[in-house]
Amino acid sequence: MDHRQQRVALNDGHSMPVLGFGTAVPEKVPVSEALVATKLAIDAGFRHIDSAYLYEVEEEVGLAIRSKIADGTVKREDIFYTTKLWPTFSRPELVQHSLEMSLNKLQLDYVDLFLIHFPMPLQPGDQIIPRDENGKLLFETVDLCDTWEAMEKCKEAGLAKSIGVSNFNRRQLEMILNKPGLKYKPVCNQVECHPYLNQRKLLDFCKSKGIVLVAYGVLGTQRYKNWVDDKSPFLLDDPVLGAMAKKYNRTAALISIRYLLQCGIVALAKSFNEKRIKENMQALEFQLTSEDMKILDSLNRNLRYIMADGFVGHPNYPFADEY
């Protein structure tokens with residue numbers, strides 16, 4: 001099976017591989033692991049690589065991609081690479097600068113996809129999440145429609161093939177879609193999504209607008225400090241997933257990824273373990289029955305692992321709305 005042929009069409013004429021590799025490095029894992037893991041992912045068949053300014057690994061990920069181009073494993077056009085605009089770069093005049101910084105780290109001429117990472121503009125500066133001396137979040141008053149116009153210019157300049165958003169709710173998507181003079185719709189909305197948070201309403205809305213839903217946190221297992229409640233249940237320990245894993249002779253992780261793919265969602269699988277990186281590609285190799293899909297639908301409990309507590313109180317905080 002040629003995994004690279006399993007792609008989804010985007011509303012701007014480009015296409016995206018349905019299974020992607022996430023590069024955010026967990027705490028206490030050296031960033032050098034991003035270099036090793038990205039090479040392993042490309043060797044395993046991943047062609048969709050997802051990263052961001054926030055992850056602080058773009059030099060390593062870029063080196064991995066370029067080394068795999070140099071050794072003949074892939075050509076640049078085989079790779080679908082995503083980066084993201086961090087909220088401290090939300091001012092229109094900073095948007096292209098942010099992308100150029102990423103391209104410089106990557107040593108690539110363009111990215112395939114450039115996303116607004118969060119719909120919550122923050123004051124520009126050196127801090128990832130800027131706060132005053134009292135610990136209060138430093139918001140920036142920026143109209144995201146102006147930010148989007150700057151994203152459109154990045155596409156027109158050839159620095160990004162496609163542009164989209166991440167962590168937007170329906171209201172925030174509609175604000176962009178209803179913008180006067182809109183040149184390009186977002187091609188996708190990347191959000192947390194897994195069997196405990198299947199995002200059905202947001203998925204249906206995005207489909208109705210020709211926007212692809214891309215899922216992160218598909219295994220629900222990361223415990224990022226200041227982002228995730230440690231008391232959250234472990235998705236992969238769910239007995240229904242466990243029973244289904246036995247039935248299909250797969251892992252609970254593969255059942256979770258396959259469920260999303262069959263819902264029409266692009267899934268970003270992340271691992272820094274060679275065996276699991278290879279194993280995750282198997283999500284493209286089997287089908288769940290319609291009956292089992294219904295059973296997995298019933299696991300939804302609207303449980304968010306990523307609450308982004310550091311942003312609570314921001315007027316644009318996206319997770320307060322139902323979807």
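Select glutamine 199 to start: this residue sits in the loop between β8 (188-192) and α6 (200-208). Helices (H or I, at least four residues) and strands (E, at least two) are DSSP runs, numbered from the N terminus. Residues are numbered from 1 along each chain as its sequence is written. This is a predicted model, in which local features need pLDDT of at least 70 and side-chain atom pairs count only at pLDDT 80 or more, while totals for chains, interfaces and linings use all residues; side-chain values use heavy atoms, with hydrogens and water left out.

**Stop 1: glutamine 199**

Stay on this residue and check its backbone. Phi of glutamine 199 is near 55 degrees, a positive value in a residue other than glycine. Most residues other than glycine have a negative phi. Is glutamine 199 buried or exposed? At 8% relative accessibility, glutamine 199 counts as buried. Buried means under 20% relative accessible area, exposed over 50%, and partly exposed in between (1.4 Å probe, protein chains only).

**Stop 2: the whole chain**

Zoom out. The chain holds ten helices and ten strands. Its radius of gyration is 19 Å, close to the 20 Å that the globule rule gives for 323 residues, so the chain is as compact as a globular protein of that length. That radius is taken over C-alpha atoms, and the rule is 2.2 Å times the number of residues to the power 0.38.

Now colour by burial. Buried residues make up 55% of the 323 residues. Show the surface next. The chain exposes about 14000 Å², and carbon and sulfur atoms supply 48% of it. These areas come from the Shrake-Rupley method with a 1.4 Å probe; for residues, only the protein chains shown count as cover.

Contact means heavy atoms within 4.5 Å. Of the contacts in the chain with a separation of 6 or more, 75% are between residues 24 or more positions apart.

Colour by charge. There are 40 positive and 42 negative side chains, and the centres of the two sets lie 4 Å apart. Lys and Arg count as positive and Asp and Glu as negative; His and the chain ends are not counted. Each charge is placed at NZ of Lys, CZ of Arg, CG of Asp or CD of Glu.

**Stop 3: the core and helix α8**

Select Phe114, Ile255, Ile257 and Phe311. They have the most contacts inside the largest nonpolar core, which has 106 residues. Helix α8 (residues 252-262) gives the largest share of this core, eight residues. A nonpolar core is a set of buried Ala, Val, Leu, Ile, Met, Phe, Trp, Tyr and Cys residues joined through side-chain atoms within 4.5 Å. In soluble globular proteins, nonpolar side chains tend to be buried together.

Centre on isoleucine 255, in helix α8. Its relative accessibility is 0%, so isoleucine 255 counts as buried. Which residues does isoleucine 255 touch, not counting residues up to four places away in sequence? They are Leu241, Met244, Ala245, Tyr248, Arg250, Phe286, Leu288 and Leu296. Draw a line to alanine 283: isoleucine 255 and alanine 283 are 28 residues apart in sequence and 7.6 Å apart in space, C-alpha to C-alpha.

**Stop 4: either side of α8**

Step to threonine 251, in the loop between α7 (239-248) and α8. Threonine 251 is partly exposed, with a relative accessible area of 25%. Leaving aside neighbours within four places in sequence, threonine 251 is in contact with Ala245 and Glu279. Leucine 241 is ten residues from threonine 251 along the chain, and their C-alpha atoms are separated by 8.5 Å.

Then pick isoleucine 265, in the loop between α8 and β10 (266-269). Isoleucine 265 is buried, at a relative accessible area of 2%. Residues up to four places away aside, isoleucine 265 touches Val18, Cys193, Asn198, Leu203, Leu213, Val214, Ala215 and Leu260.

**Stop 5: threonine 147**

Jump to helix α4 (residues 144-156) and select threonine 147. Threonine 147 is buried, with a relative accessible area of 0%. Beyond four places in sequence, threonine 147 is in contact with Leu85, Ser90, Pro92, Val95, Ile116 and Val142.

**Stop 6: after α10**

Finish in the segment after α10 (290-297), at asparagine 302. Asparagine 302 has a positive phi of about 50 degrees although it is not a glycine. At 58% relative accessibility, asparagine 302 counts as exposed. Arginine 304 is also in the segment after α10. Arginine 304 counts as buried, at 17% relative accessibility. Arginine 304 and phenylalanine 234 are 70 residues apart in sequence and 12 Å apart in space, C-alpha to C-alpha.
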